Amino acid sequence: MAKDFREYLVEASRSDQFGRVFKELAIGFKVFVSFQASEVHSCTPEETLDDIYQYTHWEVAMRSTTPPIDTPKIGPWMSFRDKEWAEPFDRPEFQRAMVGEFIPTEHCQQILEDCIAYAIEKGHIESEVEIRTVEPDEEVKKTMGCGGCGSKKKPAKGAKLPEAGAAK
C-alpha cells in the first residue's frame, strides 16, 4: 500500500482569490494528479483548514503529457475510467485535465495507488519513491521523460550529413 496521499501534499500558494493550492504529484512522466481542498475548491468542508486530515472529500484533477489524458484508446484515462472512483470525473470544456469534485478521501488514496500501479506497469517509475511534486499548471511537456519518437531531430534542410567512416 502506498503512503497516504496527504503526506505528499506541499502547499504552493495561498490567496483570497484562489484559496490554498497544493503542488501536483508527478507519478512517472505521464500522469499528474492534483489533490485540492480550500474554501474555493469542491471539498468537504468547503473551507481552508490547517489540518488537511479533517477533509472528508477533495477536488481532484488528473492530466498527462501527450496524448491528452482522455485520448480514446491511448490516453492514460483508458486505464482508469472503469475504476470505482472514476465515475464523477469529467473533462471541463477548454481544460486538459479530468476533474472530480467531492471525491471521498478513501477514493483519493485509491487514485494515488492506481496511478502508481499504472506508472510501474508502463515502466515510467520503478517504485513510489520516484513520485515528485510539480508547480501547479507546470507545462507537462517540460517534465522528464523518454523524449518519445519526436525527440530524434532530423538534420536541417540542406545540412550536410557526415560521410560514412569519416572521423567525428
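Before going on, a word on the model. It is a predicted one: local features need pLDDT of at least 70, side-chain atom pairs count only at pLDDT 80 or more, and totals for chains, interfaces and linings use all residues. Residues are numbered from 1 along each chain as its sequence is written, and side-chain values use heavy atoms, with hydrogens and water left out.

How confident is the predictor? The chain averages a pLDDT of 84, and 80% of the residues score at least 70. Over residues 142-162, though, the pLDDT is below 50. That stretch has eleven contacts in the model beyond near neighbours in sequence. Here pLDDT is the predictor's confidence in each residue, from 0 to 100. Contact means heavy atoms within 4.5 Å.

Now the charged pairs. Side chains of opposite charge can pair when their charged atoms come close. How many salt bridges does the structure hold? Six. The criterion is a side-chain nitrogen of Lys or Arg within 4 Å of a carboxyl oxygen of Asp or Glu.

Back to Glu 135. Its side chain meets that of Lys 23 in a salt bridge, 3.0 Å from N to O. Lys 23 sits in the loop between β2 (19-22) and β3 (24-27), and Glu 135 in the segment after β7 (132-134), so this pair ties together parts that are 112 residues apart in sequence. Lys 23 has 19% relative accessibility, so it counts as buried. As for the labels, helices (H or I, at least four residues) and strands (E, at least two) are DSSP runs, numbered from the N terminus.

Next, a network. Salt bridges link Glu 11, Arg 14 and Asp 50. Glu 11 and Arg 14 meet at 2.9 Å, N to O. Asp 50 also bridges to Arg 14, with the closest N and O atoms 3.8 Å apart. Glu 11 is partly exposed at 36%, and Arg 14 is partly exposed at 44%.

Then there is a charged residue without a partner. Asp 114 is buried yet has no salt bridge. Which side chain of opposite charge is nearest to Asp 114? Lys 83, at 4.2 Å. For charge, Lys and Arg count as positive and Asp and Glu as negative; His and the chain ends are not counted. Asp 114 is in helix α2 (residues 105-121). Leaving aside neighbours within four places in sequence, Asp 114 contacts Phe 80, Lys 83 and Trp 85.

On to the strands. β5 and β6 run antiparallel, joined by five bridges. Two strands pair if DSSP finds at least two bridges between them. Trp 58 has Ile 103 as its bridge partner in β6. Five of the seven residues of β6 are buried, so this strand is largely enclosed by the rest of the structure.

Trp 58 is also among the residues that touch Phe 35. Phe 35 is in strand β4. Its relative accessible area is 1%, so Phe 35 is buried. Not counting residues up to four places away in sequence, its other contacts include Phe 5, Leu 9, Phe 22, Cys 108 and Ile 111.

Last, the backbone. Most residues other than glycine have a negative phi, and most peptide bonds are trans. Where does this chain depart from that? The bond from Thr 44 to Pro 45 is cis, with omega near -5 degrees. Pro 45 is in the loop between β4 (31-36) and β5 (57-64). Lys 73 has a positive phi of about 70 degrees although it is not a glycine. Lys 73 lies in the loop between β5 and α1 (77-80), and at 79% relative accessibility it counts as exposed. Phe 102 has a positive phi too, near 55 degrees. Phe 102 belongs to strand β6 (residues 98-104) and is partly exposed, at 35%.

Definitions and conventions
Buried means under 20% relative accessible area, exposed over 50%, partly exposed in between (1.4 Å probe, protein chains only).
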